[in-house]
Amino acid sequence: DGNVGEKFDFRLQIEAFNGIAGSTNGNGQKNIQVMDAFATWKICPEFKVRVGQFYTPLGYENYDISPATLESVDFSNIVYRIACRNPYEYNFVDYGRDLGIMFMGDAFDSGKGFRYLHYDVALTNGSEQMKNDDNASKDLMGAITVRPIKHMMIKAAYNWGEYSNAAGAYLPMNRFIAGAWYNNPTGLDVRAEYGMIKSDKGNVDEAGAYVLAGWHAGKWLPVVRWDMYKDSKNKTSKNNYNRVLAGVSYEVCKNFKLQANYNRTFYNEEVGADDANQIQVMGIFKF
C-alpha cells in the first residue's frame, strides 16, 4: 500500500497460497487469491471514494480490525458466517471482500484528535471476491460509526442483497451487525457485537453475538471472550454453540507478537455433540 500524491492512496494484497481445495489452474498449480485491490480518492476528510475489491464495512472485525490488531487468534463467527459468507451463491467462509465502489468520510471534528462521525456507503457485486457475479442484482451496504468520546465507537451496518438459487430465482437476503467498542491503548478494551443474516423467502435465519474484555498492560494483553451462534434453520448444525475464550497476547517488539488462546465450546442439545476444547498458539510478524 502507499500514497500517490496527497489525494490518492492504494492497496494490493494477495494470498500467495490460498489453501482452497480445487482452486488450481489447468496444470494443477495453486492459484493466487487477490484479497485487496483498490484505490481511494481522498477528496476531503468528509468525502472519499474507494473503487476496486475492498473489505466490506460490516462490523468491527471485518473493517476496523486486522489479524495484526485482533486481540485473539480467531475472529468471531459474526465475521466468519455473516460478513464473510454468502449462503446462496458461495456457502463457504471467505474473506469479507467484494468488488464495487464505496463512499466514506469522517465528519464533525472534535478538536481532540478524532471526529465524531464516520460513514460508509457501498455498491458491490455481492458475490465475494474472485468470483463472477451470477446475476444482475447488486449489494447495497451502509454503515454508521459514532464516536461520542475518545476511544469509544458505536457502530451499525446493514447489507441488502439478492442472490440466485440453483433454479435461477432471485432471493433477498439481508445482513445486520451492530455493536459498541471502547479501546484505550493503555488500559481497558471492551467490545460487544450482535449480528444476523436472514432471508424471509429462503432458508437462511442465523444470528450471533459476542462480548470481549481485555486490558492493555504494557506489552501484555490478557483477554476473555464469550460468543454464541444460532442457526434457526439447521438446529443440528455444530454452528449452534456457546464458546468461552481465555487468552493472552505479548508484543515482543513493534513488528512481532505472540498469542495463545484456550477455547471451550458448549453445543446446544439439538446438536448432539460433546463439548470441545481447543488450544491455539500463533506468532505474527508484520512489516
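Residues are numbered from 1 along each chain as its sequence is written, and side-chain values use heavy atoms, with hydrogens and water left out. Because the model is predicted, local features need pLDDT of at least 70 and side-chain atom pairs count only at pLDDT 80 or more, while totals for chains, interfaces and linings use all residues.

A pair of aromatic rings is described by the distance of the centres and the angle of the planes. Here, rings of Phe, Tyr and Trp (its six-membered ring) pair if their centres lie within 6.5 Å; planes under 30 degrees apart count as stacked, over 60 as edge-to-face and the rest as tilted. The structure holds eight such aromatic pairs. One of them joins Tyr 60 and Trp 181 edge-to-face, at 5.4 Å centre to centre and with 65° between the planes. Tyr 60 lies in helix H1 (residues 59-63) and Trp 181 in strand E9 (residues 170-183), so this pair ties together parts that are 121 residues apart in sequence. Helices (H or I, at least four residues) and strands (E, at least two) are DSSP runs, numbered from the N terminus. Tyr 60 counts as buried because its relative accessibility is 0%, and Trp 181 counts as buried at 9%; buried means under 20% relative accessible area, exposed over 50%, and partly exposed in between (1.4 Å probe, protein chains only).

The rings of Phe 114 and Tyr 116 are also edge-to-face, because their centres are 5.6 Å apart and their planes stand at 85°. Phe 114 is buried, with a relative accessible area of 12%, whereas Tyr 116 is partly exposed at 32%.

Arg 191 lies over the face of Trp 181, at 4.8 Å from the ring centre. The charged end of Arg 243 sits over the ring of Tyr 241, 4.4 Å from its centre.

Pro 148 lies in the loop between strand E7 (139-146) and strand E8 (152-164) and is partly exposed, with a relative accessible area of 39%. Leaving out residues up to four places away in sequence, Pro 148 touches Tyr 116 and Ile 154, contact meaning heavy atoms within 4.5 Å. Thr 124, in strand E6 (residues 115-124), is buried at 1% relative accessibility. Beyond neighbours within four places in sequence, the contacts of Thr 124 include Phe 54, Asp 98 and Lys 138.

Note on methods: A charge sits over a ring if NZ of Lys or CZ of Arg is within 6 Å of the ring centre and within 35 degrees of the ring normal.
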